[in-house]
Amino acid sequence: MKKTLLFLLLAVASAPAAFAQARPGGELSSKDYTGGAVTDSRNTGFGVKGGYNLSGLRGDDIKGIDRNSRNDFHAGVYGQFGINEFSSVQAELLYSRQGFEANIGAATGSIRQEYQTTYFMLPIMYVGNFTETLSFHIGPQVSLLTKAVLDDKDLDLSGNGFNTFDFGGVGGLEARVGPARVGARYNLSLGKIFEDGNGGTSLVDPRFRDGDLYNNLVQVYVGIGLTQ
């Protein structure tokens, strides 16, 4: 996991130099990011975005757990700051609903549990343009867990052993037409969902509470630029 995070950070650091060598000209410059102005980089502006979350579990201890992914949503704002025609840095603040579903054993048979978690995410990404309309995004991300619900019951985060801080990296592709954008992204979580050594309560199944488990999240989104 440490090697993966190091690779992401090195990629972010080296990508601008690599693109500068590969594309010496200004062929990707464009007017009309949102409607009228002309800039050296069309990768500058602010906007809103939101879309679909497909979330679940990842980790060595998921074997033997009868689990399903959860469908939910995310929404937020972004700011993009152009370096040149093909490079920019983008920061976002996202409200993201995630979680997972699982069947646990009981004396009377299988019981289905549904965990819904709410995070505030802050990704900071290098954006590199393949073409004027297609780009890749890669960079680090930190997340703060603010709420956890088991079925319809709100859970105390500390009392149930939740780790409220998550970190990792994100990577994805995006296409744009004028001020509109659509994209897909994978979130690599490196912070465990539950803290080590926390006994928790009986509300959380021990296989989750004591397991080496991480968030597994794919996001598909649409966005619109508001200003240049």
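A residue is called buried when its relative accessible area is under 20%, exposed when that area is over 50%, and partly exposed in between, with a 1.4 Å probe and protein chains only. Buried residues make up 46% of the 228 residues in this chain. The model is a predicted one, in which local features need pLDDT of at least 70 and side-chain atom pairs count only at pLDDT 80 or more, while totals for chains, interfaces and linings use all residues. Residues are numbered from 1 along each chain as its sequence is written, and side-chain values use heavy atoms, with hydrogens and water left out.

## Fold

The chain has two helices and 10 strands. Both kinds of element are DSSP runs numbered from the N terminus, helices being H or I with at least four residues and strands being E with at least two. Along the sequence, the pattern reads α-β-β-β-β-β-β-β-β-β-α-β. Ser69 sits in the loop between strand S2 (66-68) and S3. This serine counts as partly exposed at 43% relative accessibility. Ser69 and Asn216 are 147 residues apart along the chain, and their C-alpha atoms are separated by 9.0 Å.

## Salt bridges

Side chains of opposite charge can pair when their charged atoms come close. A salt bridge is taken here as a side-chain nitrogen of Lys or Arg within 4 Å of a carboxyl oxygen of Asp or Glu. Six of them are found in a search of the whole structure.

| Pair | N to O distance |
|---|---|
| Glu92 and Lys49 | 3.1 Å |
| Arg70 and Glu114 | 2.3 Å |
| Arg181 and Glu174 | 3.2 Å |

The side chains of Glu92 and Lys49 meet in a salt bridge. Glu92 belongs to strand S4 (residues 87-104) and Lys49 to strand S1 (residues 45-58), so this pair ties together parts that are 43 residues apart in sequence. Glu92 is buried, at 1% relative accessibility, and Lys49 is buried with a relative accessible area of 6%. Lys49 also lies over the face of Tyr221, at 3.5 Å from the ring centre. For such a contact, NZ of Lys or CZ of Arg must be within 6 Å of the ring centre and within 35 degrees of the ring normal.

The side chains of Arg70 and Glu114 form another salt bridge. This pair links distant parts of the chain, with Arg70 in strand S3 (residues 70-82) and Glu114 in strand S5 (residues 111-129), 44 residues apart. Arg70 is buried, with a relative accessible area of 9%, whereas Glu114 is partly exposed at 30%. Arg70 and Glu114 also belong to a network of salt bridges that links them with Asp72 and Arg97. In the pair of Arg181 and Glu174, both residues are buried.

## Aromatic pairs

A pair of aromatic rings is described by the distance of the centres and the angle of the planes. Rings of Phe, Tyr and Trp (its six-membered ring) pair if their centres lie within 6.5 Å; planes under 30 degrees apart count as stacked, over 60 as edge-to-face and the rest as tilted. The whole structure holds eight aromatic pairs. Phe130 and Phe136 make a tilted pair, 5.3 Å centre to centre with 45 degrees between the planes. Phe130 is partly exposed at 36% relative accessibility, and Phe136 is buried at 17%.

The rings of Phe165 and Phe167 have centres 6.3 Å apart and planes at 20 degrees, so they count as stacked. Phe165 is partly exposed, with a relative accessible area of 45%, and Phe167 is partly exposed at 34%. Elsewhere, Phe73, Tyr95 and Phe120 form one aromatic cluster.

## Cavity

A cavity is a set of points, on a 1 Å grid over the protein atoms alone, where a 1.4 Å probe fits but cannot get out; lining residues have an atom within 4 Å of a point. The structure holds one cavity of 30 Å³ or more. About 90 Å³ of space lies in the largest cavity, a volume being the space filled by probe spheres set on the points, which are joined across faces, edges and corners. Its lining has 14 residues, of which Met121, Gln141, Asp166, Asn187 and Ser189 lie nearest the centre. Strand S8 (165-177) is among the strands that each supply at least two lining residues, and S8 gives the largest share, four residues.

Technical notes:
On a 1 Å grid over the protein atoms alone, a cavity is a set of points where a 1.4 Å probe fits but cannot get out, and a pocket is an open set with protein on both sides within 12 Å along at least five of seven lines; lining residues have an atom within 4 Å of a point.
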